[in-house]
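This report describes selected surface and pocket features of one protein model. The sequence and structure are shown first.

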Amino acid sequence: MTGAVLAGVDVGGTNTKVLLATPDLEVLDRIDLPTPAHDGGDAILDAAEAAVRSLLDRHRASLAGVGVGAAGVVDPTTGTVLVTANSFTGWAGYGVTDAVAARLGVPATLDNDVNAFLLGEVAAGAVAGEPDVLGMTLGTGVGGALVLGGTLFGGPHGAAGEIGHVPGFGDTVCTCGARGHLETVAGARGIADRYAERTGRRIGTHEVATAARAGDRDAQDVFATAGWGIARAVLLTAGILDVTTVVIGGGVARSWDLLEPAVTAALAAEPPVSGAAIRVEQSVLGADAVALGAAAQVRRVVLGG
C-alpha cells in the first residue's frame with residue numbers, strides 16, 4: 001500500500017462528500033457535490049466515481065480502497081443499501097460495494113452514516129483511541145452508534161446504539177411512528193415542533209437558536225429540554241453498558257452553547273452508579289467525519305486490522 005491513498009465517500013440526501021486520505025487518515029483533499037438522489041444508484045455512483053478520479057488525478061495518487069458511508073439502513077456484510085429516505089430513488093436495494101469495487105478495482109466497504117461518523121471520530125477525531133464510545137448525531141433526527149472494545153458494535157439485529165429511538169421523552173409522535181422517542185426532543189425537527197407548540201410560530205432550528213441567544217425564553221426552554229434529553233440518553237448508556245465517553249455531532253450540536261448547561265446539570269444530578277466521570281465531546285472532524293470514518297473502515301480491510 002506504499003504511496004497509495006484511501007477514498008472516503010459520504011452519500012447524503014442533498015450532498016455527497018468525497019475525500020482522499022493517507023493511510024494515517026490525514027485528509028489530502030476533498031470535493032463536495034450535489035447528490036443526484038432521484039436519478040438512481042448508478043447516477044449516484046457515477047458522481048462519486050468522477051470525484052474520486054478527479055482527486056486521484058489532481059494528486060497523481062494510486063487508490064488502495066474506498067469506504068462509503070450512506071444515510072439510511074444498510075447491510076455492511078453484503079454492502080447493500082436496504083432502506084432510504086424519500087429523497088432517494090433507486091438507491092434502496094443497490095449493491096454499493098460490489099459496484100464501487102468493479103468501477104475502481106479496489107476493495108470497498110459500506111456502512112450507515114452514523115456508524116461512519118463514530119468511526120471517524122474514534123480513528124482521528126475528538127475521541128481518538130477510545131475503546132468504548134457512544135456516538136450521537138443531532139440532525140433532522142437523532143442517530144446513534146456504539147464502539148465497544150475498539151470495534152463497531154451493531155448488535156444481533158443491527159440496531160445497537162440507536163439512542164434516538166429510545167422511549168421515555170414525552171408522548172410526541174416520532175418520525176418512526178412511535179411516541180416519546182429522544183428524537184422528538186433533541187432532533188432538529190423536534191426542536192422546531194416544540195417551539196411552534198409553545199409560541200404558535202414555526203421557524204427553523206437555526207432561527208430557534210438565534211432567538212434563544214437573543215433572550216427568547218421559549219427558545220431557551222426548548223434547547224434546555226433537548227439538553228436534558230441528551231443527558232438522559234448518555235446516562236442510560238452509562239448505566240446499561242458502562243460506556244462513559246460520548247461524541248456528539250450534527251447540525252444541532254453546533255448550538256452546543258445552548259445545550260451544554262442542561263446536559264452538564266443533568267449529568268451532575270444523576271451520576272452513573274459506577275462513579276466514573278462522563279466525558280462528552282463535540283465532533284472535531286465536522287463535515288469530514290462520515291467520509292473519514294468510511295475511509296478508516298476500508299483501511300481495516302486493506303491493512304488487515
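**Basis of the description**

In the classes used here, Ala, Val, Leu, Ile, Met, Phe, Trp, Tyr, Cys and Pro count as nonpolar, Asp, Glu, Lys and Arg as charged, and the others, Gly among them, as polar. The model is predicted: local features need pLDDT of at least 70, side-chain atom pairs count only at pLDDT 80 or more, and totals for chains, interfaces and linings use all residues. Residues are numbered from 1 along each chain as its sequence is written, and side-chain values use heavy atoms, with hydrogens and water left out.

**The second largest pocket**

The second largest pocket holds about 200 Å³ of space. Gly161, Ile163, Val166, Thr237 and Leu241 are the closest to its centre among the 13 lining residues. A pocket is an open set of points on a 1 Å grid over the protein atoms alone, where a 1.4 Å probe fits, with protein on both sides within 12 Å along at least five of seven lines; lining residues have an atom within 4 Å of a point. The volume is the space filled by probe spheres set on the points, which are joined across faces, edges and corners.

By class, the lining comprises 10 nonpolar, 2 polar and 1 charged residues. Helix α7 (residues 217–241) contributes the largest share of this lining, 4 residues. Helices are DSSP runs of H or I with at least four residues, and strands are runs of E with at least two, numbered from the N terminus.

**Ala214**

Ala214 is found in the loop between α6 (205–213) and α7. Ala214 counts as exposed because its relative accessibility is 69% (buried means under 20% relative accessible area, exposed over 50%, partly exposed in between, with a 1.4 Å probe and protein chains only).
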